[in-house]
Amino acid sequence: MISGKNTIGNKLSKQGDITFKTFNPKENKPTEWTFYEASSAEINEAVELATSAFKIYKNVTGIKKAEFLEAIATEIETLGEELILIYCKESGLPEGRARGERGRTMGQLRAFAALLKDGSWVEAVIEKAQPNRDPMPKSDIRKMLFPIGPVVVFGASNFPLAFSTAGGDTASALAAGCPVIVKSHPMHAATGELVSSAVIKAAEKTGMPNGVFSNLNSSGITVGQQLVKHPKVKAVGFTGSIAGGTALYKLANERVEPIPVFAEMGSINPIVVLPSALEKERDEWAAKYASSITMGAGQFCTNPGLVLGVKSKNLDDFITTLSAEILKLEPTCMLHPNIYAKYNEGKKELSGQNGVTVTADYEKDVGANEAKQTILNVSGADFLANTKLHTEVFGPFSVVVSCKNTTEIETILNHLEGQLTGTVLGSEDDLAAHSNVVDALQSRVGRILFNGVPTGVEVNSSMVHGGPFPASTDSRFTSVGTSAIKRWVRPVSFQDWPNKLLPQALQNENPLGIVRLEEGSYTN
Ligand code: NAP
């Protein structure tokens with residue numbers, strides 16, 4: 001039963017006057033529920049509660065926090081078919097995707113629980129005292145990572161579960177020891193409310209402090225702005241547009257106390273096709289890319305939106321096959337009429353640019369909010385001269401650039417903005433022969449792939465999902481995988497501190513049995 005209320009710690013609340021509805025894009029009509037946008041008083045209450053909860057939660061042991069995260073996963077599973085039905089209703093995404101994303105969300109929570117049980121993630125470093133060191137005695141100095149404070153998480157439109165209420169940002173912040181206030185995405189507020197109920201049940205069952213989690217509804221940008229400006233909020237996680245992410249980043253930096261905003265934003269994920277790639281497997285790559293470009297109606301941040309190859313008969317044949325293959329696929333429903341409208345605007349604008357040829361544009365009639373897939377072709381010179389062609393069109397859309405030679409590909413890569421991923425298609429010999437192109441690509445991305453498609457993002461300890469601006473606001477961090485926890489912590493050094501009063505992770509006896517860097521050597 002969806003109440004439409006805000007979740008403020010362990011109570012539901014509706015004090016505000018502004019109401020809104022979510023939308024069923026498949027049926028092209030609003031859903032049955034009414035949601036209450038959080039009022040200023042409710043925003044303040046959630047942040048104050050999170051601040052009080054932080055005093056307790058930051059000292060909760062890793063084992064207890066792991067129990068909490070595992071309990072959230074179990075409670076999400078317990079939501080059963082209702083969650084799947086509501087997810088599909090609010091997003092227009094198919095049931096298989098809902099189940100897959102729910103599995104990933106639970107998997108992320110359990111992966112952070114495992115990280116906490118191991119405990120070594122706190123990066124304990126110990127340099128012991130040398131009282132007799134000449135000419136100056138050396139102090140005992142030990143450091144480890146500590147949680148930063150209450151974190152605001154902006155739910156993402158395109159991942160109602162895995163990048164939203166109890167998604168990767170929330171799981172990593174809770175794992176770090178930070179209370180979380182979610183700014184629920186207005187396109188899937190019912191999904192958010194259900195998942196919030198699971199988080200609260202888990203918090204109550206595992207004895208977590210009230211306020212460790214809140215979920216606030218909003219229908220416009222003011223709730224998010226107030227949260228980012230609130231002096232007691234200490235960091236922000238965001239997934240969405242470049243405009244939204246940079247606006248919040250600016251806001252956070254204008255505060256009296258600036259705070260980090262980890263925004264994962266736009267990317268066109270360039271694919272560099274080296275000449276030998278199209279000699280043997282041209283048709284296979286065309287079919288794989290047709291499917292990658294259209295996956296989830298193209299609403300993936302790792303969607304391949306740009307293909308760079310050298311003009312040749314092979315590249316022309318690749319474009320013909322890619323265009324034919326993509327037109328064989330049935331268009332699918334986008335998340336919301338606004339995203340659908342933005343997609344159509346974007347593809348119209350780019351299709352009309354100088355030198356652009358539309359090589360595929362789905363022409364048959366489609367259902368409500370179903371995105372017609374599109375492939376454009378343009379020369380390297382026209383692409384270089386026009387940065388509009390470098391912008392993300394969020395949807396089943398890609399631009400193939402026919403370059404004069406690999407030097408022109410390198411020049412284009414050097415002019416591109418930061419990207420989440422970059423892919424090279426070719427042979428190992430190609431890689432060696434075009435190391436300058438590969439270097440140029442690597443310098444623009446957070447993840448570089450060899451002979452693959454970038455759409456699948458593994459959640460593990462070696463994944464980087466981030467990249468130079470505007471792919472993300474801080475390319476030193478990832479928003480996917482267990483390293484995402486590093487966004488919500490800061491190091492603290494203890495100098496000459498009594499052993500028994502040190503955090504356990506730093507005590508001489510290593511009671512937690514974690515891996516530590518002691519006097520320059522890793523040991524447990
Ligand atoms: P969005 O417009 O960036 O919004 C994301 C969230 O941020 C929303 O909750 C929105 O609040 C909030 N927000 C946006 N601008 C803000 C501002 N200036 N101040 C405070 N809060 C702000 O993204 P979206 O709604 O998910 O989708 C819109 C477009 O974003 C898509 O068409 C696509 O182009 C892009 N997008 C890209 C990715 C990617 O991974 N590359 C993912 C998702 C979306 P309200 O909704 O309450 O206004």
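The tour opens at the largest cavity, which is lined by 14 residues; Ile268, Gly305, Glu392, Val393 and Phe397 lie nearest its centre. A cavity here is a set of points, on a 1 Å grid over the protein atoms alone, where a 1.4 Å probe fits but cannot get out, and lining residues have an atom within 4 Å of a point. This is a predicted model, in which local features need pLDDT of at least 70 and side-chain atom pairs count only at pLDDT 80 or more, while totals for chains, interfaces and linings use all residues. Residues are numbered from 1 along each chain as its sequence is written, and side-chain values use heavy atoms, with hydrogens and water left out.

**Cavities**

Please select the five residues named above. The largest cavity holds about 90 Å³ of space, a volume being the space filled by probe spheres set on the grid points, which are joined across faces, edges and corners. Its lining has 7 nonpolar, 6 polar and 1 charged residues. In these classes, Ala, Val, Leu, Ile, Met, Phe, Trp, Tyr, Cys and Pro count as nonpolar, Asp, Glu, Lys and Arg as charged, and the others, Gly among them, as polar.

A search of the whole structure finds 2 cavities of 30 Å³ or more. For the second largest cavity, select Phe262, Ala263, Glu264, His465, Gly466, Ser472, Thr473, Asp474, Phe477, Thr478, Ser479 and Arg487, which line it. The volume of the second largest cavity is about 60 Å³, and its lining divides into 3 nonpolar, 6 polar and 3 charged residues.

Proline 470 sits in the loop between strand S20 (445-450) and strand S21 (489-495). Helices (H or I, at least four residues) and strands (E, at least two) are DSSP runs, numbered from the N terminus.

**The second largest pocket**

Move to Val60, Thr61, Gly62, Met144 and Leu512, the closest to the centre of the second largest pocket among the 23 residues that line it. A pocket is an open set of points with protein on both sides within 12 Å along at least five of seven lines. This pocket contains about 540 Å³ of space. At least two lining residues each come from helix H2 (62-78), helix H4 (95-118) and strand S8 (141-147); the largest share, 4 residues, is supplied by S8. By class, the pocket lining has 14 nonpolar, 5 polar and 4 charged residues.

Where does glutamate 123 lie? Its place is in the loop between H4 and S7. Glutamate 123 has a positive phi of about 55° although it is not a glycine. Continue to aspartate 134 and proline 135, which are joined by a cis peptide bond with omega about 5°. Proline 135 belongs to the loop between strand S7 (125-127) and S8. Most residues other than glycine have a negative phi, and most peptide bonds are trans.

**Helix pairs**

Select helix H3 (residues 80-91) and helix H6 (residues 189-205), which pack at an angle of about 155° with their axes 8 Å apart. Axes are lines fitted to C-alpha atoms, for helices over the stretch in contact, and angles run from 0 to 180 degrees between N-to-C directions. H3 is therefore roughly antiparallel to H6, a term for angles over 145 degrees. Their contact (heavy atoms within 4.5 Å) is made by Glu82, Leu83, Ile86, Tyr87 and Glu90 of H3 and Ala189, Ala190, Thr191, Leu194 and Val195 of H6. These contact residues divide into 7 nonpolar, 1 polar and 2 charged.

Next come helix H1 (residues 40-57) and helix H7 (residues 222-229), packed at about 40° with axes 10 Å apart. H1 and H7 are therefore oblique to each other; oblique covers the angles left after under 35 degrees (roughly parallel), over 145 (roughly antiparallel) and 65 to 115 (roughly perpendicular). Ser40, Ile43 and Val47 in H1 meet Val223, Gln226 and Leu227 in H7. The contact of H1 with H7 has 4 nonpolar, 2 polar and no charged residues.

Among the contact residues are Trp285 and Tyr289 of H10 and Phe318 and Leu322 of H11. By class, this contact has 9 nonpolar, 3 polar and 4 charged residues.
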